[in-house]
Amino acid sequence: MNKHDASSAGCTLEMARAAKEEAHGVLARLAAVAGVGITRVGSGYGLKINLAKEPDKNQMLPAEVQGVPVRIEVVGAIKKQAA
C-alpha cells in the first residue's frame, strides 16, 4: 500500500463497477491515469487506479469516489506488446 490508499472495508462489486467511469474522469484531471480497474479491499471491493507517473507532490487525490475506496499505484506507461 502507498500513501494514496484508502483505508476502508470496501463496497459491493456493483458499486465499484458503477463508479469506474466517474473515477477515471475525476482522476484523469488530476494525474496521468494509465488504467482503472476493480480490486479487493477488505471484505469488499474498491477501485485500482494505475498511474503512468507520480502525481505532483502537492496534488491531493481522492480516497474514494461515489463512496468506493480508491487505491492508487504508479505503474508507468502502458504499452501494447508485439505478438
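Guide: We will go from the overall fold to the sheet, then to single residues.

Guide: This is a predicted model, in which local features need pLDDT of at least 70, side-chain atom pairs count only at pLDDT 80 or more, and totals for chains, interfaces and linings use all residues. Residues are numbered from 1 along each chain as its sequence is written, and side-chain values use heavy atoms, with hydrogens and water left out.

Visitor: How many helices and strands are in the chain?

Guide: Helices (H or I, at least four residues) and strands (E, at least two) are DSSP runs, numbered from the N terminus. Here there are 1 helix and 4 strands. Along the sequence they follow the pattern α-β-β-β-β.

Visitor: What is the radius of gyration of the chain?

Guide: That radius is taken over C-alpha atoms, and the globule rule is 2.2 Å times the number of residues to the power 0.38. The chain has a radius of 13 Å, close to the 12 Å from the rule for 83 residues, so it is as compact as a globular protein of that length. Its C-alpha trace spans about 40 × 35 × 20 Å along the principal axes.

Visitor: What share of the residues is buried?

Guide: Buried means under 20% relative accessible area, exposed means over 50%, and partly exposed lies in between (1.4 Å probe, protein chains only). In this chain, 33% of the 83 residues count as buried.

Visitor: Now the sheet. In what order do the strands stand?

Guide: Strands of a sheet pair through backbone hydrogen bonds, either parallel or antiparallel. Two strands count as paired if DSSP finds at least two bridges between them. Here 4 strands form an open sheet in the order 1-2-4-3, with mixed pairing. Strand 1 (33–41) and strand 3 (64–65) stand at the edges with a single partner strand each, so one side of each has no neighbour in the sheet.

Visitor: Where does helix 1 pack?

Guide: Helix 1 (residues 13–28) packs on the sheet and touches strand 1, strand 2, strand 3 and strand 4 (68–74). Contact means heavy atoms within 4.5 Å. The direction of helix 1 makes about 150° with that of strand 1. Axes are lines fitted to C-alpha atoms, for helices over the stretch in contact, and angles run from 0 to 180 degrees between N-to-C directions.

Visitor: In what sense do strand 1 and strand 2 pair, parallel or antiparallel?

Guide: Strand 1 and strand 2 (residues 44–51) are antiparallel, over 8 bridges. Look at the partners. V41 stands opposite G44, I38 opposite L47, and V36 has I49 as its bridge partner.

Visitor: Which strand lies parallel to strand 2?

Guide: Strand 4 does, joined to strand 2 by 5 bridges. I49 stands opposite I72 in strand 4. Strand 2 is also mostly covered, with 6 of its 8 residues buried.

Visitor: Which residue forms a salt bridge with K48?

Guide: A salt bridge is a side-chain nitrogen of Lys or Arg within 4 Å of a carboxyl oxygen of Asp or Glu. The count by this rule is 1. E73 forms a salt bridge with K48, and the closest N and O atoms are 3.0 Å apart. E73 lies in strand 4 and K48 in strand 2, so the pair ties together parts that are 25 residues apart in sequence. E73 is partly exposed at 37% relative accessibility. K48 is partly exposed too, at 23%.

Visitor: Where does Q66 lie?

Guide: Start with backbone angles. Most residues other than glycine have a negative phi. Q66 is not glycine, yet its phi is positive, near 55°. Q66 sits in the loop between strand 3 and strand 4. At 44% relative accessibility, Q66 counts as partly exposed.

Visitor: And I78: is it buried or exposed?

Guide: I78 is exposed, with a relative accessible area of 61%. I78 belongs to the segment after strand 4.
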